[in-house]
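Please look through the sequence and the model shown below before reading on. The paragraphs after it are meant to be read with both in view.

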Amino acid sequence: YPRPVIVRLSDFKTNEYANLLGGKHFETLEEDNPMLGFRGASRYTHENYREGFALECRGLKKAREEFGFDNIVIMVPFCRTIQEADRCLEEMKRNGLEKGRNGLQVY
């Protein structure tokens with residue numbers, strides 16, 4: 001501190017989630033190529049993962065606001081389109097992480 005710390009949001013692929021203990025109960029999608037599928041920014045705004053993303057946002061918000069680590073910069077992985085980025089930023093805002101507020105940067 002106070003140097004910036006970039007925190008990359010979770011980016012598990014469907015097969016990685018499915019292989020976690022109990023994961024097959026939640027990750028029912030099977031993809032031909034999980035490297036290109038349901039991961040990163042597309043997952044954060046999807047109804048099936050919205051609650052999980054909210055928990056991730058809550059943790060980052062707590063670290064920035066309650067613990068005072070306002071040097072945290074958020075990196076959104078695997079964002080494919082501008083529209084996907086906009087949806088992700090909107091979902092983050094709904095969860096208390098608004099780009100620009102209190103100096104929050106999002107890459």
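The model is a predicted one, in which local features need pLDDT of at least 70 and side-chain atom pairs count only at pLDDT 80 or more, while totals for chains, interfaces and linings use all residues. Residues are numbered from 1 along each chain as its sequence is written, and side-chain values use heavy atoms, with hydrogens and water left out.

Helix α4 has 13 residues and reaches 18 Å from its first C-alpha to its last, close to the 18 Å expected at 1.5 Å a residue, the expected span being 1.5 Å times one less than the number of residues. The buried residues of α4 are E84, C88, E91 and M92, where buried means under 20% relative accessible area, exposed over 50% and partly exposed in between, with a 1.4 Å probe and protein chains only. An α-helix has 3.6 residues a turn, so residues three or four places apart point the same way. The buried residues of α4 pack against α2, α3 and β2 (72–75), contact meaning heavy atoms within 4.5 Å. On the face turned away from the buried side, α4 carries the exposed residues I82 and R94, and the helix is followed by G96, whose phi is positive, near 85°.

T45, in the loop between α2 (41–44) and α3 (50–65), touches R50, R87, C88 and E91, not counting residues up to four places away in sequence. T45 is itself buried, with a relative accessible area of 16%.

C88 leads on to the cysteines. A search of the whole structure finds 0 disulfides, a disulfide being a pair of cysteine sulfur atoms within 2.5 Å. For C57, the nearest cysteine sulfur is that of C88, 7.6 Å away, and C57 counts as buried at 1% relative accessibility. For C79, the nearest cysteine sulfur is again that of C88, 6.4 Å away, but C79 is partly exposed, with a relative accessible area of 35%.

The aromatic rings come last. Rings of Phe, Tyr and Trp (its six-membered ring) pair if their centres lie within 6.5 Å, with planes under 30 degrees apart counted as stacked, over 60 as edge-to-face and the rest as tilted; by this rule the count comes to 3 aromatic pairs. F12 and Y17 form a tilted pair, 5.0 Å centre to centre with 55° between the planes, in which F12 is partly exposed at a relative accessible area of 37%, whereas Y17 is buried at 14%. Y17 and Y49 form another tilted pair, 5.8 Å centre to centre with 55° between the planes. This pair links distant parts of the chain, with Y17 in helix α1 (residues 14–18) and Y49 in the loop between α2 and α3, 32 residues apart. Together, F12, Y17 and Y49 form one aromatic cluster. R43 lies over the face of Y49, at 5.3 Å from the ring centre, where a charge sits over a ring if NZ of Lys or CZ of Arg is within 6 Å of the ring centre and within 35 degrees of the ring normal. Likewise, the charged end of R39 sits over the ring of F78, 4.3 Å from its centre.

Conventions: Helices (H or I, at least four residues) and strands (E, at least two) are DSSP runs, numbered from the N terminus.
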